[in-house]
Amino acid sequence: MSDDRLIVAMDVPNVLDGLELAKSLGDSVGFYKIGLGMLTGGGLALANELKQEHDKRIFLDMKFFDIGATVEAAVRGVAQFNFDFLTVHGDPHVVRAAREGAAGSDMKILAVTILTSLDRDDLDASCIKEGDVADLVQERAGLALSNGADGVIASPQEAALIRALPEADGKLIVTPGVRPAGAALGDQKRVMTPAQAITNGADHVVVGRPIWQAASPKAAAQSILAELASPQEKTPNL
């Protein structure tokens, strides 16, 4: 049985490449993330096929953000496919609308706090209020959870802060921005190793390029799974 703490980000161009990746990973991986970049490449069809025909868990990473009625309608449409996780932006009105749209389903609503590819300079350029990134993430996480989110998306560097919130009791923390020790950081700026993310309070880690760009994706995934099984042997990828 696979360890579903590992979610593989299927950031590949199209359905055929996605199915080939899933085939190569086989039973070693049971949970996949399909994001906005795959939407025009048949992402929803791929998600549905992996869920219905291959019994995989699916994290649909759409990061919905709009007026409440639109978010509610969009989430209700997604909920009919019985996917496991769906992301929305963590603004309270968005979270409340998503919660309404998901009513009656088992799909978990995960709120995005601050994207793991952003740092303080990026927030300044976007006119986001002053303050330490970690403090802002913790504040946004608390707001999202108190408004009905089932969990949050956050950098592993903030996972421990979020886990300490009273609002986080019994909630999910899912961490992108995860790189195995020695891996290239790519476009991520706030990263840690998979094992350190779990140690810091994350329930799931999301790993993409270090797996699907590897010469052997299955071997890369199995290496991460072995790391998750013995986190005391690993250190942060700072």
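**Exercise 1. Determine how exposed Arg57 is and which salt bridge joins Arg57 to Asp84.**

Step 1. Arg57 has a relative accessibility of 27% and therefore counts as partly exposed; this class lies between buried (under 20% relative accessible area) and exposed (over 50%), with a 1.4 Å probe and protein chains only. The model is predicted: local features need pLDDT of at least 70, side-chain atom pairs count only at pLDDT 80 or more, and totals for chains, interfaces and linings use all residues. Residues are numbered from 1 along each chain as its sequence is written, and side-chain values use heavy atoms, with hydrogens and water left out.

Step 2. Arg57 and Asp84 meet through their side chains in a salt bridge of 3.6 Å, N to O. A salt bridge requires a side-chain nitrogen of Lys or Arg within 4 Å of a carboxyl oxygen of Asp or Glu.

Step 3. This pair links distant parts of the chain, 27 residues apart: Arg57 is in strand β3 and Asp84 in the loop between α3 and β4. Helices (H or I, at least four residues) and strands (E, at least two) are DSSP runs, numbered from the N terminus.

Step 4. Asp84 is buried, at a relative accessible area of 14%.

**Exercise 2. Identify the network of salt bridges to which Asp84 belongs.**

Step 1. Asp84 also forms a salt bridge with Lys51, at 2.8 Å from N to O. Lys51 lies in helix α2 (residues 43-54) and Asp84 in the loop between α3 and β4, so the bridge ties together parts 33 residues apart in sequence.

Step 2. Both Asp84 and Lys51 are buried.

Step 3. The network consists of Asp4, Lys51, Arg57 and Asp84, linked by salt bridges. The whole structure contains 13 salt bridges.

**Exercise 3. Describe the salt bridge between Asp61 and Lys33.**

Step 1. The closest N and O atoms of Asp61 and Lys33 are 3.1 Å apart.

Step 2. Asp61 is in strand β3 and Lys33 in strand β2 (residues 31-35), 28 residues apart.

Step 3. Asp61 is buried, with a relative accessible area of 8%; Lys33 also counts as buried, at 10%.

**Exercise 4. Find the buried residues of helix α3 and what they pack against.**

Step 1. Val71, Val75, Val78 and Ala79 are buried in α3. They cover an arc of only 100° around the axis, which puts them on the same side of α3; the arc is that of the directions from the helix axis to the C-beta atoms.

Step 2. The buried residues of α3 pack against β3 (57-64), β4 (85-89), α4 (92-101) and β5 (108-112), where contact means heavy atoms within 4.5 Å.
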